Amino acid sequence: MKCNVMKFSFKLNSVMNSSFQHYTTTTCCVYDQPPARSEIFLSLLSALSDINQNEPQCSVSTVCPPNHFSIQLRSGTANIIGPKICFDGKTIMSHVMNNVGRGLNIAVLNGETGAVEKFGYLNMRDGNSNEILAYLKEIKTGRIVLVASYDDVAEKLTDKMREIFVEMGSSFITSVRTRDSWVFAGRAGTEQKSLFEKQAVNDAKTNVYEGWPDMVEVSGCFPRTETVVKN
């Protein structure tokens with residue numbers, strides 16, 4: 001199965017900065033043909049129903065108060081159906097949009113304006129750990145970070161990477177292991193515990209699918225980053 005690394009970097013978003021494009025050339029890829037679906041997963045295809053990029057309130061049932069953004073994060077389902085990241089009424093990444101990949105799917109947004117600064121996926125199976133770490137370190141303080149797992153994310157997940165997510169507010173990243181499902185919304189550099197995080201543990205006794213836990217999802221109203229007024 002052929003992996004087209006450069007093709008993916010140009011397909012993501014025209015506003016991506018050059019440093020992230022450079023990063024994707026060595027750690028990200030997209031396949032010519034999607035993985036074959038086993039019959040056991042055919043019933044999961046309803047998860048692909050989100051075909052519109054514009055999605056009012058990201059399907060959040062209540063109207064978000066002022067200075068909050070609606071979000072919906074859904075992890076991938078096993079290694080068959082990709083994740084979804086919706087922010088402020090717009091789907092940024094999804095299986096149907098064909099801009100997700102195996103590993104950590106991540107979107108970085110300006111915490112004050114809500115503008116999407118960059119998005120893509122970090123290849124946690126074949127990617128370069130040093131480059132993945134460098135990318136995470138470059139995320140500026142105050143940026144909103146949205147993450148959804150797909151397939152396995154633990155292979156390249158180092159302790160230093162976990163520490164960065166802890167500093168963004170994650171409580172579960174230290175316990176994420178092979179084939180776990182994980183979604184998270186946090187704020188870079190604040191160390192304020194996030195209320196938007198879920199994990200499904202890979203356990204043969206509780207797995208919903210053959211060798212895989214259920215997908216996880218969080219949604220709600222994420223607070224805007226407060227503007228710091230300098231005297």
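This is a predicted model: local features need pLDDT of at least 70, side-chain atom pairs count only at pLDDT 80 or more; totals for chains, interfaces and linings use all residues.

Visitor: Which order do the strands of the open sheet have?

Guide: Strands of a sheet pair through backbone hydrogen bonds, either parallel or antiparallel. Strands (E, at least two residues) and helices (H or I, at least four) are DSSP runs, numbered from the N terminus, and two strands pair if DSSP finds at least two bridges between them. Here an open sheet of 4 strands runs in the order β5-β4-β3-β11 with antiparallel pairing. Its edge strands, β5 (90-93) and β11, each pair on one side only. From one strand to the next the twist averages 20°. Strand β4 (residues 84-87) pairs with β5 over 3 bridges, and isoleucine 85 has methionine 93 in β5 as its bridge partner.

Visitor: Is asparagine 123 buried or exposed?

Guide: Buried means under 20% relative accessible area, exposed over 50%, and partly exposed in between, with a 1.4 Å probe and protein chains only. Asparagine 123 counts as buried because its relative accessibility is 7%. Asparagine 123 sits in the loop between β7 (116-122) and α3 (129-137). The side chain of asparagine 123 reaches the backbone nitrogen of arginine 125 at 3.0 Å.

Visitor: Which residues are closest to the centre of the second largest pocket?

Guide: On a 1 Å grid over the protein atoms alone, a pocket is an open set of points with protein on both sides within 12 Å along at least five of seven lines; a cavity is a set where a 1.4 Å probe fits but cannot get out, and lining residues have an atom within 4 Å of a point. The second largest pocket holds about 300 Å³ of space. Of its 16 lining residues, Arg187, Gln192, Lys193, Phe222 and Pro223 are the closest to the centre. β9 (181-187) and β11 (217-223) are the elements that give two or more residues to this lining, and β9 gives the most, with 3 residues.

Visitor: How many cavities of 30 Å³ or more does the structure hold?

Guide: There are 2 cavities of 30 Å³ or more. The second largest cavity has a volume of about 40 Å³, and its lining includes Gly76, Tyr150, Asp151 and Trp212.

Conventions. Residues are numbered from 1 along each chain as its sequence is written. Side-chain values use heavy atoms; hydrogens and water are left out. A polar contact is a pair of N or O atoms within 3.5 Å; within protein, one must be able to donate a hydrogen and the other to accept it, and residues adjacent in sequence count only if both atoms are side-chain atoms. Grid points are joined across faces, edges and corners, and a volume is the space filled by probe spheres set on the points. Axes are lines fitted to C-alpha atoms, for helices over the stretch in contact, and angles run from 0 to 180 degrees between N-to-C directions.
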